[in-house]
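Open the model in your viewer and keep the selection panel at hand. Each stop below says what to select and what is there.

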Amino acid sequence: MTTVAAIIKPTADAPFEVGTIERRAPRANDVVIDVHYAGICHSDIHQAREEWGKAIFPMVPGHEIAGIVTEVGDAVTKHQVGDRVGIGCFVDSCRECENCLAGEDQFCLKGNVATYNGREYDGEPTYGGYSKQIVADENYVLSIPEGIELDVAAPLLCAGITTYSPLKHWGAGPGKQVAIVGMGGLGHMGVKIAHALGAEVTVLSQTTSKEEDGKRFGADHYYATGEEGTLKSLRGRFDLIINTVSADLDIDAYLSTLKLNGSMVFVGLPENTQQFRVFSLVGGRRSLAGSNIGGIRETQEMLDFCAEHGIGSQIELIGADEVEGAYDRVVRSDVRYRFVIDTATIG
Ligand code: NAP
Ligand code: ZN
Ligand code: ZN
């Protein structure tokens, strides 16, 4: 075991503090990674504050991890010491269920092992990327291509893949009208990726305060949903809506902006049960769907795509003592557009 400095949440109500955790000695298939940067996802906040139900404490959040390999186990073939690598939302899966075999290991039927607030299959709790080092099986470690700096690459490991996967699955591309609801961490990546895929991209934000940024990220259109009549004026417009909002929305109003056969896909995860009228679907053969991160294979594909298109996250780099304040700003929709922790500031 190795003792590692980390940013720790002792309980749901207690503030973060810097302390130490133990990392396992590398096994034959393990890679030891010096974490350089860790993104702050809104899911970290939901879990650290126990908004999704009971969580495991002490907690070290962080599933947008970028760093450098410092040691490899005897049987490792995919990564070498010195490689630029990343870890996303899970660090293991059963590898034998039909979804794992299909490369959809994010939907492992046994349940994959979450990077933090989870348990390894042997029962040991997992600790995430707000720490100086992590040890993981090589098959769940991604290669970060040259051409993307590690700090702006970190958020791709969750925000990037969570938007890339549904955009690809629902066919975003040339000739398609794609709306991204909410321009935060996920949303701004959705705009960049949908634009790079060739779709015509519309941002539906609460206000137009971030319009200039949205257009710079690749949006063709930008509307404020807080203004009376916005969604009515967009009736029948979109092939695909990616909803990144974690608050309750008037789903019927959004469904009415879909074309015939259009789909509204949830990636945002509100605590509350959501409601919609079946008539809103039936009237246009529309679909309401959800999507969860992406598989390991697709995450690598996304990283390669982002490198090819010069896409990184737009980040604010922060120190270990700024995490609480950053959480509050994310909750206030005051993030531009992903906070990333510089792990050199821990301990
Ligand atoms: P974020 O950075 O906070 O972005 C969410 C955006 O939603 C905000 O920036 C804001 O955009 C909009 N918003 C916030 N409150 C709103 C309200 N009351 N009404 C309407 N819009 C509102 O969060 P994130 O990290 O992108 O994560 C978003 C959600 O996705 C979270 O629930 C997270 O847990 C979930 N998530 C899911 C997956 C998955 O695999 N499905 C993966 C990662 C995260 P505007 O200011 O532009 O309105
Ligand atoms: Zn996330
Ligand atoms: Zn499986």
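Are Cys94 and Cys97 buried or exposed? Both are buried. Keep in mind that this is a predicted model.

**Stop 1: the zinc ion (ligand 3)**

Select the zinc ion (ligand 3) and its donors. Cys94, Cys97, Cys100 and Cys108 coordinate the ion, each through SG, at 2.3 to 2.4 Å. Now check the geometry. The angles between the four donor atoms run from 103 to 122 degrees, so the arrangement is tetrahedral; the criterion is that all angles lie between 85 and 135 degrees. Along the chain, the donors follow the spacing C-x2-C-x2-C-x7-C.

**Stop 2**

His63 and Cys158 link distant parts of the chain, 95 residues apart. Select the two loops to see this. His63 sits in the loop between α1 (42–48) and β4 (65–72), while Cys158 sits in the loop between α3 (150–153) and α4 (159–169). His63 and Cys158 are both buried.

**Stop 3: strand β8**

Select residues 133–137, strand β8. Five of its five residues are buried, so the strand is largely enclosed by the rest of the structure. In a regular strand, side chains alternate between the two faces of the sheet. Color by direction here: Gln133, Val135 and Asp137 point one way, Ile134 and Ala136 the other.

β3 and β8 pair in the antiparallel sense over five bridges. For a landmark, find Asp30, which stands opposite Asp137 in β8.

**Stop 4: helix α11**

Select residues 323–331, helix α11. Which of its residues are buried? They are Val323, Ala326, Tyr327 and Val330. Look down the axis of α11: these buried residues fall within an arc of 105 degrees, so they line one face of the helix. Next, show what covers them. The cover includes β1 (2–8), α1, β16 (315–318) and β17 (338–342). Step past the helix to Ser333, which follows α11 and has a positive phi, near 60 degrees.

**Stop 5: the annotated span**

Zoom out and select residues 11–341. An unreviewed UniProt entry lists this span as "domain: Enoyl reductase (ER)". Its end C-alpha atoms lie 20 Å apart.

Note on methods:
Residues numbered from 1 in each chain as written. Chains lettered and ligands numbered in written order. Predicted model: local features only at pLDDT ≥ 70, side-chain atom pairs only at ≥ 80, totals over all residues. Heavy atoms only, no water. Helix = DSSP H or I, 4+ residues; strand = E, 2+ residues; numbered from the N terminus. Buried < 20%, exposed > 50% of the residue type's maximum accessible area, 1.4 Å probe, protein only. Arc of directions from axis to C-beta. Contact = heavy atoms within 4.5 Å. Donors = N, O, S within 2.8 Å, 3.2 Å for Na, K, Ca; no water. Tetrahedral: all angles 85-135°; square planar, octahedral: opposite > 155°, others 65-115°. UniProt positions renumbered as here; feature names shortened; annotations may be inferred. Pairing = 2+ DSSP bridges.
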